[in-house]
Amino acid sequence: GLKVYNSAAGIEPVKGTHSHGHEGDEHQGDDADPHVWSSYINARIISRNIANALSELDPEYAEVYHSRLDSLCVVIDKAENAFADKIASAQSKSFLIWHPSLSYIARDYGLQQIAVGQESKEISPRKLREIIDHAEADSVKVFFFQREFDSRQAETISGRIGTRLVTIDPLAYDWMEQLNMISDELAK
């Protein structure tokens, strides 16, 4: 039969970032945040899980898979060190984001992700005021926005607070390049 491997095995899930409740239910759900790849720590875990699975399925090449894993981890380590250096100099450790897709990297580096959007729903005036007050209190400088969402509210909020609106793609093939761009923006 078909053998299934969980590439995210061993990753401590971030919960409470995604609301999948009923209409009008504004509290965050207890579902695990699915964006596990948006973290260097998690990338190493995922890579190790994949190398182990491939080694089990194709034991003749296990040494090759683990050698390539070691090489990949060197690249991840270098990128993570550069990220940490940039974040250390960031004026604000908080950022706005439309959809909470950076929960894991935020957790890893003590960053505060202030999620604005609620899937594709309009934001209530009360919630909007809370977001603006929170962002201003934390001296937020950047608002990350995913292009697949309607940008009108994001542009309005960004204009009111005076943040830079930066488009990101959490599903990009080159996730490391995305994290590098995010750290560059946070360090500005």
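Leaving aside its neighbours within four places in sequence, with which residues is leucine 102 in contact? In this predicted model, leucine 102 touches Ser38, Phe95, Ile97, Gln113, Phe144, Ile168 and Ile182, once those sequence neighbours are set aside.

**Nonpolar cores**

Leu102 also belongs to the largest nonpolar core, a set of 21 residues in which Tyr40, Phe95, Leu102, Phe144 and Leu186 touch the most other members. At least two residues of this core come from each of α1 (40–57), α2 (62–88), β1 (94–97), α3 (103–109), β3 (142–146), β4 (164–168) and α6 (175–187). In soluble globular proteins, nonpolar side chains tend to be buried together.

**Helix pairs**

| Helix pair | Axes come within | Crossing angle | Handedness |
|---|---|---|---|
| α4 and α5 | 10 Å | roughly 45 degrees | right-handed |
| α2 and α6 | 8 Å | roughly 15 degrees | left-handed |

On the α4 side, Leu128, Arg129, Ile132, Ala135 and Glu136 take part, and they meet Ile157, Arg160 and Ile161 in α5. The residues of this contact divide into 5 nonpolar and 3 charged, with no polar ones.

For α2 and α6, the axes cross at roughly 15 degrees, and because angles under 35 degrees count as roughly parallel, α2 is roughly parallel to α6. The contact draws on Val75, Ile76, Ala79, Phe83, Lys86 and Ile87 of α2, while α6 contributes Trp175, Met176, Leu179, Asn180, Ser183, Asp184, Leu186 and Ala187. Leu186, listed here for α6, is also one of the residues that touch the most other members of the largest core. By class, the contact of α2 with α6 comprises 10 nonpolar, 2 polar and 2 charged residues.

**A residue with positive phi**

Most residues other than glycine have a negative phi. Serine 139, although it is not a glycine, has a positive phi of about 50 degrees. Its place is in the loop between α4 and β3. Serine 139 has a relative accessibility of 38%, and because this value lies between the 20% and 50% limits, the residue counts as partly exposed.

Note on methods:
Residues are numbered from 1 along each chain as its sequence is written. This is a predicted model: local features need pLDDT of at least 70, side-chain atom pairs count only at pLDDT 80 or more; totals for chains, interfaces and linings use all residues. Side-chain values use heavy atoms; hydrogens and water are left out. A nonpolar core is a set of buried Ala, Val, Leu, Ile, Met, Phe, Trp, Tyr and Cys residues joined through side-chain atoms within 4.5 Å. Buried means under 20% relative accessible area, exposed over 50%, partly exposed in between (1.4 Å probe, protein chains only). Helices (H or I, at least four residues) and strands (E, at least two) are DSSP runs, numbered from the N terminus. Contact means heavy atoms within 4.5 Å. Axes are lines fitted to C-alpha atoms, for helices over the stretch in contact, and angles run from 0 to 180 degrees between N-to-C directions. A crossing is left-handed if the near helix is turned anticlockwise from the far one by less than a right angle, and right-handed if clockwise. Ala, Val, Leu, Ile, Met, Phe, Trp, Tyr, Cys and Pro count as nonpolar, Asp, Glu, Lys and Arg as charged, and the others, Gly among them, as polar. Angles under 35 degrees count as roughly parallel, over 145 as roughly antiparallel, 65 to 115 as roughly perpendicular and the rest as oblique.
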